[in-house]
Amino acid sequence: LPAMPSPDNETSSGDYTYLYRLISDKGCYSDTAKLYYPIVDTLALMAVDVEMCPKKSVTLSMDAGGNSYKWSTGETTQSITVSEPKVYSVEVTTPDGCVSRGSTEVIALDSIQLNLLDVTICPGQSAILDAGSDGTSYLWSDNSTSQTLTTDVAGTYSVVVTASNGCESHATATITVADKLEVDLGADKTVCKADLPYVLDA
């Protein structure tokens, strides 16, 4: 008998009856055959694109109905974790032996570029650290949530800035308070006009 064609127009698993015709030198012969055709859900395989923030990873996962899985990465598990933006494909074999293929693209999102600079201040002064205006939310290491942080305390400060796409950026800056200089010009002294200019030594 000739090979039976795949019922491409069917949309669900089940029994289907097909008419086939065999033509030989002795004439034509026709008959029907009933086949069970398992439909693989191609929508589950053709996943939507997945977005990924920089320095992060995402998990691509297939339904548990497959008998075996073969990813373009060479992995054979139901799920894989990836950190490189590109197109990933998978081949799923059902317990009935049918094979379906699909792919999805992992797209890299942009994050905010932060430029916090270390600051040295004099005693009694305050430093202002500015995380920029591109973020939708801010969280400093002192738990403040403004775009800027003002402090007169020496130390290292960090900030997490969240962009509108949900990606987070991290930055740190160190504030240093300079030592206070002790200046001693000596005792007061009266000089004559003829001795001017007079040099004071600190």
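A residue is called buried when its relative accessible area is under 20%, exposed when that area is over 50%, and partly exposed in between, using a 1.4 Å probe and protein chains only. By that definition, buried residues make up 24% of the 202 residues in the protein chain.

Colleagues, this is a predicted model, in which local features need pLDDT of at least 70, side-chain atom pairs count only at pLDDT 80 or more, and totals for chains, interfaces and linings use all residues. Residues are numbered from 1 along each chain as its sequence is written, and side-chain values use heavy atoms, with hydrogens and water left out.

Four strands form it as an open sheet with mixed pairing, in the order 3-8-7-5; two strands pair if DSSP finds at least two bridges between them. At its edges lie strand 3 (50–52) and strand 5 (68–71), each pairing on one side only. Strand 7, residues 87–93, is antiparallel to strand 8, residues 99–108, and seven bridges pair them. Within this pair, V90 stands opposite G102 of strand 8.

Next, strand 11. In a regular strand, side chains alternate between the two faces of the sheet. Strand 11 runs antiparallel to strand 13, residues 155–162, joined by four bridges. There, W140 stands opposite V159.

Terms used:
Helix = DSSP H or I, 4+ residues; strand = E, 2+ residues; numbered from the N terminus.
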